[in-house]
Amino acid sequence: MNDELRYKLRMMGIPDDGSTNIYYDNEAVVSNSSYSELTLEKKPISIFYHTVRECYAKGISRITYEPTATNLSDVCTKILSTEEKRKKLHHVVN
């Protein structure tokens, strides 16, 4: 996931200058991927989070919580009121 993308960018001459910030608006995702002592019940989810946890443990990625109120990607992923959409798009454009 993150390793492969970072490798491809290095091969294109883009420098690798630290860890990648990953923002989630779901606190459960952040806690499950940040704390290795937690266990997951479903196998497909467990396999994915094993990869995410590995990147976190290596220091390749930093996983943090982004509240819905400040999450700019919600413009593309959620149904918002016109006013909320304007506020978020204003931050993206400017």
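**Briefing on a predicted protein model**

At 1% relative accessibility, D74 counts as buried, where buried means under 20% relative accessible area, exposed over 50% and partly exposed in between, with a 1.4 Å probe and protein chains only. This is a predicted model, in which local features need pLDDT of at least 70 and side-chain atom pairs count only at pLDDT 80 or more, while totals for chains, interfaces and linings use all residues. Residues are numbered from 1 along each chain as its sequence is written, and side-chain values use heavy atoms, with hydrogens and water left out.

**Overall make-up**
- The protein holds five helices and two strands, which follow the order α-β-α-α-β-α-α from the N terminus on; helices (H or I, at least four residues) and strands (E, at least two) are DSSP runs, numbered from the N terminus.
- Of the 94 residues in the protein, 22% are buried.
- Among contacts between residues at least 6 apart in sequence, 49% join residues at least 24 apart, a contact being heavy atoms within 4.5 Å.

**D74 and N71**
- D74 has its place in helix α4 and, once its neighbours within four places in sequence are left aside, is in contact with D25, T68, L80 and K88.
- N71 lies in the loop between β2 (61-65) and α4 (74-77), and N71 is also buried, with a relative accessible area of 11%.
- Leaving aside neighbours within four places in sequence, N71 is in contact with D25, E66 and K88.
- Although N71 and D25 are 46 residues apart in sequence, their C-alpha atoms are 7.3 Å apart in space.

**Helix α5**
- Helix α5 (residues 82-93) has twelve residues and reaches 16 Å from its first C-alpha to its last, close to the 16 Å expected at 1.5 Å a residue, the expected span being 1.5 Å times one less than the number of residues.
- Because the number of buried residues among the twelve of α5 is one, this helix lies largely in the open.

**The largest pocket**
- The largest pocket is lined by twelve residues, of which R6, L9, D16, G18 and T20 lie nearest its centre; on a 1 Å grid over the protein atoms alone, a pocket is an open set of points where a 1.4 Å probe fits, with protein on both sides within 12 Å along at least five of seven lines, and lining residues have an atom within 4 Å of a point.
- Helix α1 (residues 2-11) gives the largest share of this lining, with five residues.
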